[in-house]
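Please read the numbered points alongside the structure.

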Amino acid sequence: MPQDNDHGQTIAPIQGSRIDAYVDRYAARATGMVASEVRALFSVASRPEVVSLAGGMPYVTALPLDVVGELVADLVARRGPVALQYGSGQGDPHLREQICDVMRMEGIEANSDDVVVTVGSQQALDLITRIFIDPGDVVLAEGPSYVGALGTFSAYQARVIHVAMDSEGIVPESLAQTIYALRSAGNRIKFLYTIPTFQNPAGVTLSAARRQQVLEICQRADVLIVEDNPYGMLGFDGEPMRTLRADNADGVVYLGSFSKTLAPGFRVGWALAPHAIREKLVLAMESAVLSHSSFTQLAVGQYLATQPWREQIKAFRELYRERRDTMLSSLEALMPDGVTWTRPGGGFFVWATLPEGLDSKALLPRAVAERVAFVPGTGFFADGGGARHMRLSYCYPEPDRIREGVRRLAGVIGQELRVRDTFGTGSPAERAGIDTPAPDLA
């Protein structure tokens with residue numbers, strides 16, 4: 001009932017709900033921030049009896065954990081007053097110089113003044129979106145694209161328009177046509193978001209020839225490129241590919257991370273940006289968290305300075321290569337006819353396509369019941385696409401668990417195919433919009 005305040009004025013009741021009394025008070029951008037039924041399923045999928053081919057978690061057990069422990073203890077003993085104090089909003093100066101050394105392996109020559117250290121590359125994505133996006137602005141992204149990026153763009157009320165991709169990455173003709181059509185209709189394109197190397201979720205890599213085409217198209221159209229490169233060092237054949245940023249310092253914001261090449265628990269990533277953008281990123285960073293953790297920055301810096309980190313990356317590459325090979329050979333041996341998949345040259349993921357009439361999101365509860373999990377393809381599209389696709393991760397499970405997981409999944413798909421052949425195409429699963437990923441699924 002309406003109530004009177006101390007001044008005799010009638011106060012209307014808040015129109016909340018029994019579940020959330022604040023539902024009418026949230027900002028419009030928070031409306032879509034809900035946990036989907038897919039995310040809820042993974043609380044079950046985390047049980048030890050379930051083989052998870054879902055999570056993109058690095059295999060940190062391969063690190064020399066005793067050495068890392070000693071390094072951290074030494075840091076506290078020698079530099080505790082600095083490591084445990086506030087730091088710079090831009091990041092530790094020495095670590096920024098070390099980051100430039102890391103990026104040099106992929107052809108990037110940069111000044112440490114243009115590096116901003118962030119809480120993983122996910123925070124860099126958030127900061128870039130914050131400083132560029134007004135509600136209704138357009139972000140171009142590969143279709144499929146990283147679910148964590150899609151969630152960030154959605155939170156800032158951007159319109160995500162997907163650009164077609166194939167086994168060689170973004171299709172340049174599709175990119176050019178999409179830009180032209182959007183501009184002709186009066187839309188504001190703020191940037192192209194791309195993971196050109198060992199893409200998440202598709203596992204494909206943008207070819208060298210196409211990299212130049214994409215750069216030229218965006219340069220002519222004056223479209224900024226945001227290049228996300230968490231897996232670039234984890235290729236299984238040859239040296240790391242030359243990045244987009246290596247050939248265009250002014251038109252590309254480059255995002256990097258130590259989550260995949262060291263450990264995600266340190267939560268240290270970075271953005272390399274043109275000078276003016278860098279200034280905005282630092283201001284946005286300071287307004288969000290004042291400063292990054294000095295402790296984790298100095299720990300990563302000490303690791304880079306004292307440990308054979310290049311050799312450790314090679315060890316990770318060999319470990320993930322074995323698991324990739326196990327995944328591919330198991331799919332080849334066990335999957336029913338009509339299922340296809342990508343063959344990644346690095347990174348963490350295989351992108352599988354189901355036969356006509358099957359829906360990966362509808363399949364997931366049945367798969368979890370058979371003690372195997374994957375990520376449905378719908379989570380990687382902003383427009384409700386991806387129903388016939390699924391992301392399979394090989395980075396975390398041991399090879400024998402990968403084989404068993406593929407065996408269980410193949411059985412579930414085979415059963416669904418028999419149902420389809422008997423009763424026809426089933427109803428697709430209900431679409432729930434862009435999901436907000438749990439950390440272990442990103």
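1. Ring pairs join Y231, F316, Y320, F348 and F349 into a cluster. Rings of Phe, Tyr and Trp (its six-membered ring) are paired if their centres lie within 6.5 Å; planes under 30 degrees apart are stacked, over 60 edge-to-face, and the rest tilted. Eleven aromatic pairs are found in the whole structure.

2. This is a predicted model, in which local features need pLDDT of at least 70 and side-chain atom pairs count only at pLDDT 80 or more, while totals for chains, interfaces and linings use all residues. Residues are numbered from 1 along each chain as its sequence is written, and side-chain values use heavy atoms, leaving out hydrogens and water.

3. The ring centres of F132 and F191 are 6.3 Å apart and the planes at 75°, so this pair is edge-to-face. Because F132 belongs to helix α4 (residues 120-132) and F191 to strand β9 (residues 189-194), the pair ties together parts 59 residues apart in sequence. Helices (H or I, at least four residues) and strands (E, at least two) are DSSP runs, numbered from the N terminus.

4. F191 is buried, with a relative accessible area of 0%, whereas F132 is partly exposed at 23%. Buried means under 20% relative accessible area, exposed over 50%, and partly exposed in between (1.4 Å probe, protein chains only).
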